[in-house]
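Notebook open. I want to look up a few spots in this structure and jot down what turns up.

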Amino acid sequence: MIERPMRSFPDGFLWGAATAPHQVEGNNVNSDFWAQEERMPGADRSGDALDSYHRYAEDIRLVAESGLNTYRFGIEWARIEPAPGRVSRAALAHYRRMIDACLAAGVTPFVTIHHFTSPRWFAEEGGWRGERAVDRFRAYVEAATSILGGVEWVCTINEPNMLAIMVREAEATLDPDAGLEWLSPTLEADTPRPVKPAPPVEIGRRLVEAHHAARDVLREGTDARVGWSVASRAFETRPGAEEVRRRLEYVWEDLYLEAARGDDFVGVQAYSAQWVGLDGIEPHPVHPDNTLVRTAYRPDALGIAVRHTADVLPGVPIVVTENGIATGDDARRVAYTTGALDALAEAMGAGVDVRGYIHWSLLDNYEWGHWDPTFGLVAVDRETFERRPKPSLAWLGGVAKANALRDEAWR
């Protein structure tokens, strides 16, 4: 046991928790991922999910009562535009009620415009590879701006580098001869987590174009700070593999980080770290400390991620838009988050401009094919939808209220 010095955070720091619409709302029947769930071998169905479409007020209340001051949630394109050019005023009003509920509770709404899922018709039209993709997305964002009054933070696209991979995997489920396969996030724990193929650059560049189009629309129609979030690999380098790491870093991260030049912020999403050797990214070996998604237990990855982001994007403020751990042991969640926040504070002390920390996730939710990985600060009974806050929610809320990690003995 060692004594860790108290870590304080700046005034106005965002302390929050996050969800994504498809993972919590339920019955997102017009989305491409709802259709894809039928084609993924061994996948669970999202179904009713956590019924947050109807129970959002309770979720926002959990955030507010814990002491957290920010709720990051998404709006669902497939609900707002169920058919091309046909905008649902009722769906827009629903998401406006969510924003108003946050504001009434004293919670900052941090709104994500696109969190992995698109309308089924968009996918059938060619999706992000389609000739009209950017125009379609721009039109959707134009419709969404009508409800964003009073919203201070807007993320255009969540993890475009991961979305690019998901696009290719979705294509693979439709083409048995593609030589690709959908990789479950929760394969057997006694096998190494496979290394996914790198995000296709051509899809990444299309997403960059879509982000810039959305940014223009949002800046014209709202007063919000606009950015997008990038999944960090937190690469570490074996001796002699520096050039390999630089090549991989560009394809996996820097293409997307460089697209955020001129943004009001960039979101950093980090969970674990990965080693790069002469042969590329090394699979995580099987280890007792691995998480439920078989990644290494690396709370220090958050510090690595924000430092790299600041190196690529000097002058662009950072918000940690996701960080967390898949574990069934809530004490381990607190220990992991303590380590992550300590690494974050150390990076901030070295000059990295970070404006907030948003935990993934508020609820134990549908993790893109499986229910088993539990990331939430709150457990949910999927039969009754009863929310059961874990000790980690009160703990993180206490950190938020103090705006500091208190002195305490820790490992």
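I started with the contacts of Val 319 (contact means heavy atoms within 4.5 Å). Leaving aside neighbours within four places in sequence, I found Val 319 touching Phe 110, Trp 153, Phe 265, Val 266, Gly 267, Val 268, Arg 355, Gly 356 and Ile 358. This is a predicted model, where local features need pLDDT of at least 70, side-chain atom pairs count only at pLDDT 80 or more, and totals for chains, interfaces and linings use all residues. Residues are numbered from 1 along each chain as its sequence is written, and side-chain values use heavy atoms, with hydrogens and water left out.

Is Val 319 buried or exposed? Val 319 is buried, at a relative accessible area of 0% (buried is under 20%, exposed over 50%, partly exposed in between, with a 1.4 Å probe and protein chains only). I also looked up Ser 229: its C-alpha atom is 8.6 Å from that of Val 319, though the two are 90 residues apart along the chain.

Next came the cores (a nonpolar core is a set of buried Ala, Val, Leu, Ile, Met, Phe, Trp, Tyr and Cys residues joined through side-chain atoms within 4.5 Å). The largest one has 111 residues, and Trp 15, Trp 128, Phe 137 and Leu 344 touch the most other members. A second, separate core has 14 residues, including Phe 265 and Phe 375.

Last, I checked Trp 128. Not counting residues up to four places away in sequence, Trp 128 touches several residues, among them Trp 77, Phe 137, Leu 163, Arg 206 and Leu 207.
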